[in-house]
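Q: Could you walk me through reading a structure like this, one feature at a time?
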Amino acid sequence: MTRAFLIVMDSVGIGGAPDAAEFGDAHGTDAGANTLGHIAAACAAGRAEEGRSGPLCLPVLDGLGLGAALTLASGVTAPGLGAVPQGRWGAATEVSRGKDTPSGHWELAGVPVPWDWGYFPNTVPAFPDTLVAEVCRIGGVAGILGNCHDSGTAIIDRLGAEHMQSGWPICYTSADSVFQIAAHEGSFGLDRLIALCEGLAPTLHAMKIGRVIARPFVGEPGAFSRTSNRRDFAIAPPAPTLLDWVQDAGCPTHAVGKIGDIFSHRGIGKLHKGKDDAALFDHLDRLIDTAEPGSLTFANFVEFDSLYGHRRDVSGYARALEWFDARAGAFLARLRPGDLAVFTADHGNDPTWHGTEHTRERVPVLVAGLGVGEIGPCAFVDVAASVAAHLGLPSQGPGRSFL
């Protein structure tokens, strides 16, 4: 029997979304954003020299068709990405009205989001009094800190000391449909933080806020750092996804990284977590040897987004891409006959763009194990339909197989 590996390079967009002008932030729209294209241009111009040097070098992914997909999506010919594709390649367009993690992943798994997400205004305060009161009631506190849009690392640096002194949780949001709570593992307690987020989740989900995220941190003032004990409490997908289709057919499913949280742990057989992307790739390397016949392995690599995209760190993003490319080469060398590996992304996060938020972009679809050829323009949902077809399962969503 065949196996499938669906690998999401979180935020590695390739520009060209037809509706990008309808998305943006207070600084402007997303029209013209191009995560991969702008990183490659910065590298070639010598503007991404921290910890690396020269043009962007991604021989494995480019060999599958990454540069070709970039040109297809946005018309950009990127320096260093001109290989003749040796895999199957295309560019996928999203229809869900969001540029966030759940929207992208659910649609890749065959289920577009049928509603408009709820968002919090970019004001201070950002949250309604009724929600603040519910945080205080469930958390057993007299108030909250933050109550605004902010970067997770910046707000911890700014309010961490006051949080440790007062015991009040740090609550913040972003341009995504999300409510985040940061708290110190020592002074506040990890279990208490997770219980607070879990208790709040039904209230936030009723407001169509996509995720409630526990953001624990440790350290002392001036030296705080977030830990790997993050927990996401996401709205459940509105219909069975690719993970459910596979599991309902009696086949094994493996979730690497935050896939379990994104899908509210539906359709998940075994969960494989790690402290960073390197640890997650170690899981993927193990699963290429141990995953069962007929299985689906669904992996997310988040650090492109969390460490480099949001922080607008071009050099860091380029370093991460080059590291990932090397790991991908070793992984692909161990594919078995009949295996399918699909590399894609869920949205963009252009580190050269204004603001700190995701960017609305098309994403690459790179396929190894099924020969050579152009897939062309496709939909996010076509990824799920194609993986299902490879595993011999009917697609239950609107997508069409490109296999």
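A: The largest pocket has a volume of about 620 Å³. This is a predicted model: local features need pLDDT of at least 70, side-chain atom pairs count only at pLDDT 80 or more, and totals for chains, interfaces and linings use all residues. Residues are numbered from 1 along each chain as its sequence is written, and side-chain values use heavy atoms, with hydrogens and water left out.

Q: How is a pocket defined, and which residues are the closest to the centre of the largest pocket?
A: Rolling a probe the size of a water molecule over the atoms shows where empty space is left. Here, on a 1 Å grid over the protein atoms alone, a pocket is an open set of points where a 1.4 Å probe fits, with protein on both sides within 12 Å along at least five of seven lines; lining residues have an atom within 4 Å of a point. Grid points are joined across faces, edges and corners, and the volume is the space filled by probe spheres set on the points. Of the 26 lining residues, Thr227, Ser228, Arg230, Lys275 and Val302 are the closest to the centre. Elements giving two or more residues to the lining include α6 (152–166), β8 (211–220) and α10 (277–290); helices (H or I, at least four residues) and strands (E, at least two) are DSSP runs, numbered from the N terminus.

Q: How many residues of each class are in that lining?
A: Six are nonpolar, seven polar and 13 charged. Ala, Val, Leu, Ile, Met, Phe, Trp, Tyr, Cys and Pro count as nonpolar, Asp, Glu, Lys and Arg as charged, and the others, Gly among them, as polar.

Q: What is the order of the strands in the open sheet?
A: Strands of a sheet pair through backbone hydrogen bonds, either parallel or antiparallel. Two strands count as paired if DSSP finds at least two bridges between them. In this model eight strands follow the order β12-β11-β13-β1-β14-β15-β4-β16, with mixed pairing. β12 (270–272) and β16 (373–379) each have a single partner strand, so one side of each edge strand is left without a neighbour in the sheet. Strand β4 (residues 88–93) runs parallel to β16, joined by six bridges, and Thr93 stands opposite Ala379 in β16.

Q: Which strands does helix α3 touch?
A: Contact means heavy atoms within 4.5 Å. Helix α3 (residues 66–74) touches β4, β15 (363–368) and β16, and its direction makes about 35 degrees with that of β4. Axes are lines fitted to C-alpha atoms, for helices over the stretch in contact, and angles run from 0 to 180 degrees between N-to-C directions. Helix α13 (residues 380–390) runs at about 125 degrees to β16.

Q: Where does UniProt place the "binding site" feature?
A: UniProt positions are in the numbering used here, feature names are shortened, and annotations may be inferred rather than shown by experiment. One unreviewed UniProt annotation lists Asp305, His310 and His358. They span 54 residues in sequence, yet no two of their C-alpha atoms are more than 8.3 Å apart, so they gather at one spot.

Q: Which backbone values stand out?
A: Most residues other than glycine have a negative phi, and most peptide bonds are trans. The bond from Val124 to Pro125 is cis, with omega near 5 degrees, while Asn147 has a positive phi, near 60 degrees.
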